[in-house]
Amino acid sequence: MAQMLTCDIVTPEKKIASFEASMVVVPAYDGEMGILSKHAPIVTVLGNGSVRCTLENNEVERFVIDGGYVQVGNDDKVIVLADRAVKLSEIDPAALATQISELEQQIAALGEEGTGKAFLETQLNWARIQERMASR
């Protein structure tokens with residue numbers, strides 16, 4: 001039996017998940033990083049993408065994240081502090097497609113320098129990240 005890590009997926013708003021995993025793979029800023037038990041302590045910047053956690057029964061839990069940090073402690077504790085995160089299985093592709101379409105229309109209606117355009121573009125980027133990860 002593989003030694004287990006304790007893994008928490010956290011956003012500024014709430015804890016998304018907490019569980020035991022034999023391996024955690026995160027989208028580090030410059031490429032994927034795999035974490036096993038006894039990993040050296042590290043803090044690194046995360047990019048956008050999928051966090052994959054292999055559970056004791058070999059099931060894989062997947063989460064979509066939008067940047068953040070990961071901290072690995074010498075106590076086999078992994079904390080993924082994401083700017084935004086959602087469990088992949090909770091993504092509704094049809095609702096996401098509608099949201100993307102609505103955001104694109106709102107951005108187009110604002111013109112070049114409309115008020116709130118940056119916020120809408122951030123929302124659109126997050127929706128597209130989720131869409132890309134859900135389609136894999």
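Predicted model: local features only at pLDDT ≥ 70, side-chain atom pairs only at ≥ 80, totals over all residues.

Q: Salt bridges, then. How many does the count come to?
A: The count comes to 6 salt bridges.

Q: Which residue does Asp8 form a salt bridge with?
A: Lys77. The closest N and O atoms are 2.7 Å apart.

Q: Where do Asp8 and Lys77 lie?
A: Asp8 is in strand E1 (residues 5–10) and Lys77 is in strand E7 (residues 77–82). The pair therefore ties together parts that are 69 residues apart in sequence.

Q: Is Asp8 buried or exposed?
A: Asp8 counts as buried, because its relative accessibility is 7%. The cut-off for buried is under 20%. Lys77 has 24% relative accessibility, so Lys77 counts as partly exposed.

Q: Which residues do shared partners join into one network?
A: Asp8, Lys15 and Lys77. Salt bridges that share partners join them.

Q: Next pair. What does Glu61 form a salt bridge with?
A: Lys87, with the closest N and O atoms 3.2 Å apart. Glu61 sits in strand E6 and Lys87 in strand E8. That pair links distant parts of the chain, 26 residues apart. Lys87 counts as partly exposed, at 25% relative accessibility.

Q: And which side chain does Arg128 meet in a salt bridge?
A: The side chain of Glu104, at 2.5 Å from N to O. Arg128 is in helix H2 and Glu104 is in helix H1, so this pair ties together parts 24 residues apart in sequence. Arg128 is partly exposed at 38% relative accessibility. Glu104 is partly exposed too, with a relative accessible area of 35%.

Q: On to H2 itself. How many residues does it have, and what does it reach from first C-alpha to last?
A: Helix H2 covers residues 117–134, which is 18 residues. It reaches 26 Å, close to the 26 Å expected at 1.5 Å a residue.

Q: Which H2 residues are buried?
A: Lys117, Leu120, Leu124, Trp126, Ala127, Ile129, Gln130 and Met133.

Q: What do those buried residues pack against?
A: They pack against E5, strand E6 (60–72), strand E8 (85–87) and helix H1 (93–110).

Q: Surface now. Which residues form the nonpolar patch?
A: Tyr29, Val43, Val45, Tyr69 and Leu81. Together they have about 550 Å² of accessible area.

Q: Where is Val45 found?
A: In strand E5 (residues 42–54). Val45 counts as partly exposed, at 38% relative accessibility. The buried residues of H2 pack against E5 as well.

Notes. Residues numbered from 1 in each chain as written. Heavy atoms only, no water. Patch = residues over 30% accessible without salt bridge, like charges linked within 9 Å, V, L, I, M, F, W, Y side chains within 5 Å. Areas by Shrake-Rupley, 256 points an atom, 1.4 Å probe, with all protein chains shown as cover. Salt bridge = Lys/Arg side-chain N within 4 Å of Asp/Glu carboxyl O. Helix = DSSP H or I, 4+ residues; strand = E, 2+ residues; numbered from the N terminus. Buried < 20%, exposed > 50% of the residue type's maximum accessible area, 1.4 Å probe, protein only. Expected span 1.5 Å × (residues − 1). Contact = heavy atoms within 4.5 Å.
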